[in-house]
Amino acid sequence: MLAGASCASIEDQTGWYAAASLGTAVLELERGQGDTAFAFDEEDTAWKAFGGYRWDFPHFFLGLEGGYVDLGDPPAFFPDLRVQLDAAGINVWSLAGVNVGPFGLYAKLGGIFWDIDGVATGATTEAFDEQGVDLATGFGMRVEYEAVELRAEVESYDIADTRNVQMLSLGLGWTF
């Protein structure tokens, strides 16, 4: 009877939501030639603000989501070279998951419209500003009480010319 009540309260949460998350991002890439060549592998504080619409059913849920993600601006220091990156983007997601009482486990599939700015300063200085659209995947867990939701997520961005771009975050949301 209690399990049914828990599922019923989640089922009632179909609707619009807004949320924000804070975490860490890992950025790995190789760039440049000659004096400004570098292999970048750093992490920094990251955050995102997002919203969407979720359809909750007795045992599963579906959703569409979009938002802004700031993957940080980590510096890296090499002998005779300093590199500073600034990575951000707009992402869109489709979500599908299962409800287990007040918990939900889900997978995400979507895309990111990304922008990475950088400066490599050594014997010479190379600045770059690149943009693109690429695939994004993720998974997470949510815990819901009334209209408040707590999320833990891992997102992976398949950004061109990078080896690894990931974000691990905790977030708080509100269903209207």
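**Group meeting: charges and rings in a predicted model**

Let's start with Glu149: its relative accessibility is 2%, so this residue counts as buried. Keep in mind, by the way, that we're looking at a predicted model.

So who does Glu149 pair with? One partner is Arg142, in a salt bridge with the closest N and O atoms 3.2 Å apart. Arg142 has a relative accessibility of 1%, so it counts as buried too. Glu149 also meets Arg151 in a salt bridge, at 2.9 Å from N to O, and Arg151 is buried as well.

Now zoom out a bit. Salt bridges with shared partners join these residues into one network, made up of Lys48, Arg54, Asp56, Glu65, Lys108, Arg142, Glu144, Glu149, Arg151, Glu153 and Glu155. For the whole structure, the count is 14 salt bridges.

Another pair to click on is Glu153 with Lys108, where the closest N and O atoms are 3.1 Å apart. That one links distant parts of the chain: Glu153 is in strand β8, Lys108 is in strand β6, and they're 45 residues apart. Both of them are buried.

How many aromatic pairs does the structure hold? There are 6. Take Trp47 and Tyr68, a tilted pair at 5.4 Å centre to centre, with 50° between the planes. Trp47 sits in strand β2 and Tyr68 in strand β3, so the pair ties together parts 21 residues apart in sequence. Are these two buried or partly exposed? Trp47 comes out at 38% relative accessibility, so it's partly exposed, and Tyr68, at 31%, is partly exposed as well.

Then there's Trp93 again, this time with Tyr157: their ring centres are 6.2 Å apart and the planes are at 50°, so that pair is tilted. Because Trp93 is in strand β5 and Tyr157 in strand β8, this pair ties together parts 64 residues apart in sequence. Both of those residues are buried. Ring pairs also link Trp16, Tyr53 and Trp55 into a cluster.

Strands β3, β5 and β6 each supply at least two residues, and β3 gives the most, with 3. Val100, for one, is in strand β5.

Notes:
Residues are numbered from 1 along each chain as its sequence is written. This is a predicted model: local features need pLDDT of at least 70, side-chain atom pairs count only at pLDDT 80 or more; totals for chains, interfaces and linings use all residues. Side-chain values use heavy atoms; hydrogens and water are left out. Rings of Phe, Tyr and Trp (its six-membered ring) pair if their centres lie within 6.5 Å; planes under 30 degrees apart count as stacked, over 60 as edge-to-face and the rest as tilted. Helices (H or I, at least four residues) and strands (E, at least two) are DSSP runs, numbered from the N terminus. Buried means under 20% relative accessible area, exposed over 50%, partly exposed in between (1.4 Å probe, protein chains only). A salt bridge is a side-chain nitrogen of Lys or Arg within 4 Å of a carboxyl oxygen of Asp or Glu.
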